[in-house]
Amino acid sequence: MATPKQKITLNASRDIPFNKLMLSQSNVRRIKRGETIEDLAASIARRGLLQSLNVRPVLDGEGNETGMFQVPAGGRRYRALELLVKQKRMIKTEPVPCVVSDAHSAVPIEEDSLAENFQREDLHPLDTFRAFQTLHDQGASHEEIAARFFVSATFVQQRLRLARVSPNLHDIYEQEGMKLEQLMAFTVTDDHVRQEQVWETLENSWSKEPQQIRRLLTETTVPASDRRALFVGVDAYVAAGGVVLRDLFEADNGGWLQDPALLDRLVRDRLKSIADEIAAEGWKWIVIDVDLPYGHNHGLRALAGTPADLTDAERAEREALRAEYDRLEAEYGEADELPDEVDQRLGEIETALAAFESRPMNYDPAEIVRAGVFISIDRDGDLVVDRGHVRPEDEATQGGDGDSAEPCGATESEDSGDDPSVRRATITMGAQASEPEEDDGDAIKPLPERLVIELTAHRTLALRNAVAENQHMAITALLHRLVLDTFGQRSATGCVEAFVRHVHLPWQDVGLKDSPAAKAVDERHEAWKSVIPLDDDQTLWAWLDSLDDASRQALLAHCVSYGINALFERPNPYSGGGISQHGLDQRLREADRLSRATGLDMVDAGWRPTVDNYLGRVTKSRILEAVREGAGEQAAQLIDHLKKDDMAKEAERLLADSGWLPEPLRLSGEDAPAAQPDEGEEADLPEFLAGDDEDGSAADETTAHAVAAE
């Protein structure tokens with residue numbers, strides 16, 4: 001007959017007065033982990049003791065119970081109860097729920113303590129999120145929940161945001177299909193459909209880092225740090241009904257504005273309102289653009305105005321600010337660190353004094369009626385108003401009669417009311433043309449002509465800078481041109497148009513004006529402009545004649561650089577305007593020779609392939625070809641399954657420091673970015689220049705367009 005198994009008997013529970021309890025020296029928890037006894041005491045005061053103490057009777061020397069009980073597990077709870085007694089919020093004889101173990105148990109008392117702590121399972125984070133959400137749904141605010149559990153309100157907001165992520169993604173996280181950091185990234189939007197779409201896109205991708213998730217969720221939004229958002233103000237955007245996405249887990253620089261169309265409308269409305277105010281000053285035309293292109297004032301004459309005089313009140317205010325600034329500087333000059341309020345006040349004074357130095361200019365009314373104004377926004381979102389520019393076609397207008405031609409592309413013309421003799425400014429909202437849609441087939445097709453134009457615009461500007469910095473080569477190029485014109489028979493202009501005619505860059509991407517070459521050319525130009533006496537021709541002649549050789553050569557190099565033209569143009573096979581095939585060939589060969597002679601490297605000049613300037617505007621085959629050349633076959637295989645937009649963004653990252661250049665930015669004869677052709681070698685035009693735009697849209701254009709070429 002089988003012997004029945006011994007049934008276990010659970011330890012009895014009983015209420016024991018607190019003053020009969022004592023801490024056991026056998027508690028295995030010895031190291032404090034930062035949890036405060038005060039918070040636990042407050043929790044017990046609010047909710048009562050939720051978990052009984054584990055105790056054993058204390059025996060005397062003969063093995064008899066003494067009536068006291070030691071606490072081997074639950075030491076923090078004991079100390080919290082002890083604190084409540086000291087605070088007189090609980091009497092010392094208050095009965096405490098306890099589970100009493102056998103004093104003669106074969107199980108060591110230390111094992112009781114270890115088991116209670118070691119076998120405890122922490123709450124799953126998802127359970128925490130949902131529990132906080134339940135309390136919030138019951139009416140508790142962020143602050144109330146935070147106070148109940150002794151955490152910050154931000155901690156609670158983060159968990160509530162995690163609770164609002166798509167339930168489908170919660171299930172994936174629960175099954176350990178994604179990490180907590182990835183789930184956090186999805187909280188930037190409450191759109192469950194979009195969250196699931198992004199996860200579906202990335203689930204089988206090699207790149208599904210939190211930053212990639214955030215980028216995809218916000219790719220159709222506008223960062224709060226964007227110049228447009230700074231100009232309008234996030235508060236105004238929200239007041240107009242706009243939604244701002246915020247990331248509670250990472251620094252988001254103010255978040256993302258979800259409605260770009262609304263933001264653009266607010267920007268246009270504010271710029272238009274400002275333009276209407278400026279139009280009342282009597283200007284002939286006003287051009288508005290969020291981001292004016294590089295060289296927007298090319299060929300225009302700048303009016304020479306005089307700064308407006310300060311009023312007596314303004315002079316007094318300026319002197320008071322200077323005195324306050326000097327006083328604060330003297331008072332805190334020896335301090336290692338300025339107090340925040342003093343530092344802030346000094347900054348305010350500096351800003352106010354700078355405003356006095358940048359006074360508005362006064363212009364001749366006779367000049368105003370034929371001049372115009374450019375209005376734009378700088379990178380910091382500040383308004384930029386550039387007054388006083390005269391177009392060549394308006395130079396002949398005498399007395400401001402307003403008979404000259406209207407500016408091309410004007411979108412709005414305003415009358416000045418009932419007086420027909422007064423003409424309001426023509427206000428133009430500027431914008432660059434968009435890129436045509438391209439076939440996304442597998443075949444590698446010729447680059448779009450517009451893209452080649454923009455790429456070679458980068459090269460032209462960089463080559464100008466290289467020539468301006470190499471005086472010897474600039475003079476050699478000039479002498480070469482002048483000797484051919486004087487003694488030879490030459491029908492083609494070539495690369496150096498040294499008469500000197502400034503070559504405008506009609507098509508350009510948004511990054512051109514911020515390129516290192518553009519900044520270097522502009523800084524050099526402004527430095528010369530500030531010292532050249534342009535008001536009187538005889539004075540200018542005498543000044544040029546008195547320059548030392550080094551200054552004359554530097555000025556000559558600068559002037560010659562403006563005639564550099566490495567732009568691609570579609571050859572015109574017929575008579576009339578445009579460039580011939582022979583002329584284009586000559587220009588490109590000379591551009592290569594000049595690049596080699598000056599040591600121009602477009603990578604050193606600051607050009608990098610980005611989504612905006614190349615990768616987002618070519619086919620997937622072109623993107624993969626670029627990654628193979630610049631980062632290797634393995635890198636190309638990592639992205640060949642992606643959609644075009646994602647592929648372009650990943651390609652930008654992979655090629656960032658590779659030194660890779662597209663064909664229009666390489667010297668002719670270069671098969672790969674690192675290859676250098678022999679000196680003097682002249683190769684045929686690259687294959688990418690042999691074709692047309694992918695959609696053939698440029699074939700019917702009658703005006704030749706400039707584009708970057710070899």
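The following dialogue explains how to read several features of a predicted model.

Student: What kind of model is this, and how are its residues numbered?

Tutor: The model is predicted, so local features need pLDDT of at least 70 and side-chain atom pairs count only at pLDDT 80 or more, while totals for chains, interfaces and linings use all residues. Residues are numbered from 1 along each chain as its sequence is written, and side-chain values use heavy atoms, with hydrogens and water left out.

Student: What pLDDT does the protein chain average?

Tutor: The term pLDDT denotes the predictor's confidence in each residue, from 0 to 100. The protein chain averages 81, and 83% of the residues score at least 70. Over residues 673-710, however, the pLDDT is below 50; beyond near neighbours in sequence, this stretch has 109 contacts in the model (a contact means heavy atoms within 4.5 Å).

Student: Which strands pair with strand 5, and in which sense, parallel or antiparallel?

Tutor: Strands of a sheet pair through backbone hydrogen bonds, either parallel or antiparallel. Strands are DSSP runs (E, at least two residues) numbered from the N terminus, and two of them pair if DSSP finds at least two bridges between them. Strand 1 (residues 12-17) pairs with strand 5 in the antiparallel sense over six bridges, and Ile-16 has Val-96 of strand 5 as its bridge partner. Strand 3 (residues 53-59) pairs with strand 5 in the parallel sense over three bridges, where Leu-53 stands opposite Cys-98.

Student: Which residues of strand 5 form its covered face?

Tutor: In strand 5 (residues 95-100), the covered face consists of Val-96, Cys-98 and Val-100, whereas Pro-95, Pro-97 and Val-99 make up the uncovered one.

Student: In what order do the three strands of the open sheet stand?

Tutor: The order is 6-8-7, with antiparallel pairing. Strand 6 (222-223) and strand 7 (244-245) are the edge strands, each pairing on one side only. Two bridges join strand 7 to strand 8 (residues 256-257); Leu-245 has Trp-256 of strand 8 as its bridge partner.

Student: How many cavities are counted, and which residues line the largest cavity?

Tutor: Rolling a probe the size of a water molecule over the atoms shows where empty space is left. A cavity is a set of points, on a 1 Å grid over the protein atoms alone, where a 1.4 Å probe fits but cannot get out; lining residues have an atom within 4 Å of a point. The count comes to one cavity of 30 Å³ or more, and about 30 Å³ of space lies in the largest cavity. Its lining consists of Thr-201, Leu-202, Ser-205, Ser-207, Gln-212, Leu-642 and Asp-646.

Technical notes:
1 Å grid on protein atoms, 1.4 Å probe; cavity = no way out; pocket = protein on both sides within 12 Å on 5 of 7 lines; lining within 4 Å. Points joined across faces, edges and corners; volume = space filled by probe spheres on them. Buried < 20%, exposed > 50% of the residue type's maximum accessible area, 1.4 Å probe, protein only. Helix = DSSP H or I, 4+ residues; strand = E, 2+ residues; numbered from the N terminus.
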